[in-house]
Amino acid sequence: VPLSGARFRIRRYAGAAARSRKSPPFDELQRTLESGDSRLWTSIFSALGREQRWAESCHFLQTLRESRHKHLDTIVYNAVIKACERSSQWLQALQCLWELQMNKLQPDLVTFNTIISALQKGHRWQKALLMMDQVTSPDAVTCSAVVQACERGGRWDLALKYFLEARQQITLDVVSLNSVVSACGKWEQWQWALALLDEMRPDVVTYNATMDACARGQHWQKCLTLFNEMFHSILYPSIISYNTAIAACEHGPWDLALALLEDLQRQGLHARADTLSTAMSVCSKAQQAGVALQLLSKIPRHTPQRHLLIAYNTALNACARSQRWTWSLGLLEDMSRVDLSPDVVSFSSAVTACGKSQAWPMVLGLLEDLNTRSCAMNDYLCNAALRLPEAGVVQRGELVWTGGVLKAQHGGHQLGRQYHGQIPRPTEKKSGGLWLGDRQTSPVLKKNGIT
């Protein structure tokens, strides 16, 4: 793959640092269980587990237990425990383990590994460590489950301790390595993440976790160094690799994020909504609101609303940082056109933009619009409301708080409607780019080939 301009720049900066199967209907399962053997039951319980039907698995197990069937063994219990684990039902999994032992059956390594995984998914890392003490001969799966449990519990130190101890006794796989690197990365222990990278042959997930650790620790040059190393190996960066590299540009050159977006497309990948939102966040911190709005226009309208709301909120934050209050109001109007309801974060950014520009009548209108949507006001919005009398928009005593809702007794409602349907458009041409409706390209975008 030819080396792009983005990776040339990264090299320079780096030098400075299953398939799915359906289970039969309920009645057919009941008849099958009455006449089947343990292998058939195990297959049925596994199918139920894949479909998140853990409650039915437990019910059928109770039916078999009450009939005292002779073929009820540890393998059958393991299948039911696995069904509970897939649905994060750790309490039911422990109940099955207790019943297994009460029936004088011996749990095996698969049993303990599945229980520990269920506890990990249920954020019960202390119980997972206690269960680990009962395992006489742990394997790589056991280590990986315990490390992930410690990671979810915020105990990266215990995750690292168990990994280093287990490495001396058993042969670990790259999954265990990825788990401990991810644990170190989430708690900004980038030094340990880099040290563990050389422990065994890493894969793309390992590189992504290590890059994330460096990005969280604001070591953007080390992050981009790892990104560059992937091209010199047999590995190819994934979309997550690009997302992490773009996020690292928050602490480095912001326009490099745009070059990475261009390189992403050259590699045959498609920028997702979260990818563009990450690049917009980089532009927001650099106070490049125009570029952020250009990136927002590239997000498909059929994007799920959850991701679309994040993108709009990021664009609103960029406008607030750049004091572009007219653009903020335009974005709120655009959200209504795409049937997207702004939340308290959206209003907070718009109020920030208007407040910085002394557009206090618009602040009052935004606060009243927020109240009509039954959104709870945060501390920042409350402070903005208290500044309205000082700005001369309303007189003291005209603001009334009823159940946490702001109302203006005199003239406030008329002011509150000023920005509906009459959004002022920016007419001045700035180097940072223009509002979406103008469809202009900023100089930075032109330099990097994004139009």
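Contact here means heavy atoms within 4.5 Å. This is a predicted model, in which local features need pLDDT of at least 70 and side-chain atom pairs count only at pLDDT 80 or more, while totals for chains, interfaces and linings use all residues. Residues are numbered from 1 along each chain as its sequence is written, and side-chain values use heavy atoms, with hydrogens and water left out.

**Stop 1**

Select Ser-87. Leaving aside neighbours within four places in sequence, Ser-87 is in contact with Gln-52 and Trp-54. Ser-87 sits in the loop between helix 5 (74-86) and helix 6; helices (H or I, at least four residues) and strands (E, at least two) are DSSP runs, numbered from the N terminus. Its relative accessibility is 14%, so Ser-87 counts as buried. The cut-offs are under 20% relative accessible area for buried, over 50% for exposed, and partly exposed in between, with a 1.4 Å probe and protein chains only.

Move on to helix 6 (residues 90-102) and pick Glu-99. Glu-99 is buried, with a relative accessible area of 13%. Not counting residues up to four places away in sequence, Glu-99 touches Leu-61, Arg-65 and Tyr-77.

**Stop 2: Glu-151**

Next, select Glu-151 in helix 9 (residues 140-152). Glu-151 has 10% relative accessibility and therefore counts as buried. Show its contacts beyond four places in sequence: Ser-179, Ser-182, Ala-183, Lys-186 and Trp-187.

**Stop 3: the largest pocket**

Rolling a probe the size of a water molecule over the atoms shows where empty space is left. The search runs on a 1 Å grid over the protein atoms alone: a cavity is a set of points where a 1.4 Å probe fits but cannot get out, and a pocket is an open set with protein on both sides within 12 Å along at least five of seven lines; lining residues have an atom within 4 Å of a point. Grid points are joined across faces, edges and corners, and a volume is the space filled by probe spheres set on the points.

The largest pocket has a volume of about 480 Å³. To centre the view, select Asn-208, Asp-212, Arg-216, Ile-240 and Thr-244, the closest to the pocket centre of the 19 residues that line it. Then colour helix 11 (174-186), helix 13 (204-216) and helix 15 (239-248), each of which supplies at least two lining residues. Which helix gives the largest share of the lining? That is helix 13, with 6 residues. By class, the lining has 6 nonpolar, 9 polar and 4 charged residues. Ala, Val, Leu, Ile, Met, Phe, Trp, Tyr, Cys and Pro count as nonpolar, Asp, Glu, Lys and Arg as charged, and the others, Gly among them, as polar.

**Stop 4: two positive phi values**

Most residues other than glycine have a negative phi, and most peptide bonds are trans. Select Gln-218, in the loop between helix 13 and helix 14 (220-232): its phi is near 65 degrees, a positive value in a residue other than glycine. Gln-218 counts as exposed at 52% relative accessibility. Gln-287, in the loop between helix 17 and helix 18 (289-296), has a phi near 60 degrees, again positive in a residue other than glycine. Gln-287 is exposed, with a relative accessible area of 51%.

**Stop 5**

In helix 17 (residues 273-285), select Thr-275. Is Thr-275 buried or exposed? At 0% relative accessibility, Thr-275 is buried. Beyond four places in sequence, its contacts are Ile-239, Asn-243, Ile-246, Leu-261 and Leu-264. The side chains of Thr-275 and Asn-243 make a polar contact at 2.7 Å; the term covers a pair of N or O atoms within 3.5 Å, where within protein one must be able to donate a hydrogen and the other to accept it, and residues adjacent in sequence count only if both atoms are side-chain atoms.

Thr-352 is in helix 21 (residues 344-356) and is buried at 16% relative accessible area. Leaving aside neighbours within four places in sequence, Thr-352 is in contact with Ala-320 and Tyr-380.

**Last stop: confidence**

Colour by pLDDT, the predictor's confidence in each residue, from 0 to 100. The protein has a mean pLDDT of 77, and 76% of its residues reach 70 or more. Over residues 408-451 the pLDDT is below 50, and this stretch has 90 contacts in the model beyond near neighbours in sequence. Where pLDDT is low, the predicted coordinates should not be read in detail.
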